[in-house]
Amino acid sequence: MIDEFVRTLPKVELHVHLEGTIRPALLLELAQKNGVPLPVETADQLEQWYRFTGFPHFIEIYLAISSCICTPDDIELIARDFLEGQAAQNIRYSEVIFTPFTHFSRNRNIPFDDQMRALSRARKWAVAELGVDVGWVLDISRNVRPVEHSLTVVDWAIEAMSQGVVGFGIGGPEVGNPPELFEPAFDRARAAGLLSLPHAGETVGPESIWGAIDTLGADRIGHGVRCLEDPSLVAILRDRQIPLDVCPTSNVCLGVAPSLAEHPLPRLLDEGLFVTLNSDDPPMFNTTLTEEYLKVVHTMGLGLAVLEQLVQNGVAASALPEAERRNLSLEFRQESDQLRKTLGSEDNS
Ligand SMILES: [Zn+2]
């Protein structure tokens with residue numbers, strides 16, 4: 001019953017990278033269309049190649065993916081494909097991280113306006129045809145130099161707020177690239193009304209999260225699981241109820257947690273922290289948001305009430321306007337109650 005409940009439950013997702021959602025078959029299609037060589041040739045080989053082996057391999061796949069995104073139509077295609085997958089999991093609203101500078105500078109020189117128009121076409125289609133919506137989070141890789149490029153991206157983000165951009169973030173290698181470097185960009189983003197959504201506390205410990213809070217005014221922390229190394233940081237996160245975008249399988253694949261069974265999510269909840277559940281780069285980690293929920297139940301031993309709370313936390317921590325959050329929260333609660341009754345009666349029949 002619980003598996004069916006998880007699959008059918010309405011959800012939101014707040015931490016997923018568009019470029020990290022490309023399925024192997026779609027990557028092959030893009031590579032063939034654009035004449036980009038990949039290290040393997042068939043869909044089967046590609047499935048194998050996608051299987052995670054370690055951080056350098058993760059970067060290799062990420063770079064290959066980026067090199068296959070050559071036109072605005074490619075961006076629209078991956079966004080549509082992703083949103084179809086979200087709809088199939090009953091994820092009604094997603095906040096999706098996208099890294100426009102990569103497609104502007106490193107690869108194909110796609111002007112930002114064209115990138116944004118492609119995302120908007122996909123969003124419009126998803127709202128009309130699938131009944132799911134999306135808010136975009138533009139981010140910059142923290143190893144981009146000069147750091148001033150972050151100001152370019154934040155200006156793009158501000159310009160595109162009317163097209164569904166809700167936040168500004170930093171991702172990429174945390175080691176050697178502390179949050180403090182990006183203070184001017186985040187100041188500008190927050191002044192314009194964008195959410196501050198930095199990754200922190202994944203491969204670097206508490207000091208990175210402190211920087212994200214104190215210097216960048218983080219509204220949510222991407223990952224943040226290493227806060228547990230510093231009780232005074234845990235106290236601040238608890239007092240201010242700053243949400244953590246937690247992505248368990250990603251943490252295991254990237255060596256942040258030793259295994260799912262030992263993942264700190266239950267401890268974060270015990271500490272009274274505000275946790276949401278997310279998939280990060282789902283096909284690269286061979287997961288989905290639904291799978292993450294199933295793992296919370298089956299591997300971490302948490303029950304339905306926790307699961308429903310995680311869903312509600314996602315709604316509450318989203319960038320949606322307050323009235324929409326309230327409505328969505330109520331709608332989800334009603335659907336969840338109904339689902340419990342239906343599945344409960346099926347179990348008894
Ligand atoms: Zn991430």
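Which residues in α2 meet which residues in α3? In this predicted model, Pro24, Ala25, Leu27 and Leu28 of α2 meet Ala43, Leu46, Glu47 and Tyr50 of α3. The axes of the two helices, α2 and α3, come within 9 Å and cross at roughly 120 degrees. The helices α2 and α3 are therefore oblique to each other, and α2 passes α3 in a right-handed crossing.

Both helices also bear on α4. The cover over the buried residues of α4 includes α2 (24-34) and α3 (43-50). Those buried residues include Ile61, Ile65 and Cys68. They cover an arc of only 60 degrees around the axis, which puts them on the same side of α4. An α-helix has 3.6 residues a turn, so residues three or four places apart point the same way. On the face of α4 turned away from the buried side are the exposed residues Pro56 and Ile59.

| Residues of α4 | State |
|---|---|
| Ile61, Ile65, Cys68 | buried |
| Pro56, Ile59 | exposed |

Helix α4 (residues 55-68) has 14 residues, which at 1.5 Å a residue should span 20 Å; the end C-alpha atoms of α4 are 20 Å apart, which agrees.

Another part of the chain holds Pro206, which lies in helix α10 (residues 206-214). Leaving out residues up to four places away in sequence, Pro206 touches Gly201, Arg226, Cys227, Glu229, Asp230 and Leu233. Pro206 and Asp113 are 93 residues apart in sequence, and their C-alpha atoms are 37 Å apart in space.

Key. Residues numbered from 1 in each chain as written. Predicted model: local features only at pLDDT ≥ 70, side-chain atom pairs only at ≥ 80, totals over all residues. Helix = DSSP H or I, 4+ residues; strand = E, 2+ residues; numbered from the N terminus. Expected span 1.5 Å × (residues − 1). Buried ≥ 20, exposed ≤ 12 C-beta atoms within 10 Å, placed from the backbone. Arc of directions from axis to C-beta. Contact = placed C-beta atoms within 7 Å. Axes fitted to C-alpha atoms, helices over the stretch in contact; angles between N-to-C directions. Parallel < 35°, antiparallel > 145°, perpendicular 65-115°, else oblique. Left-handed = near helix turned anticlockwise from the far one by under 90°.
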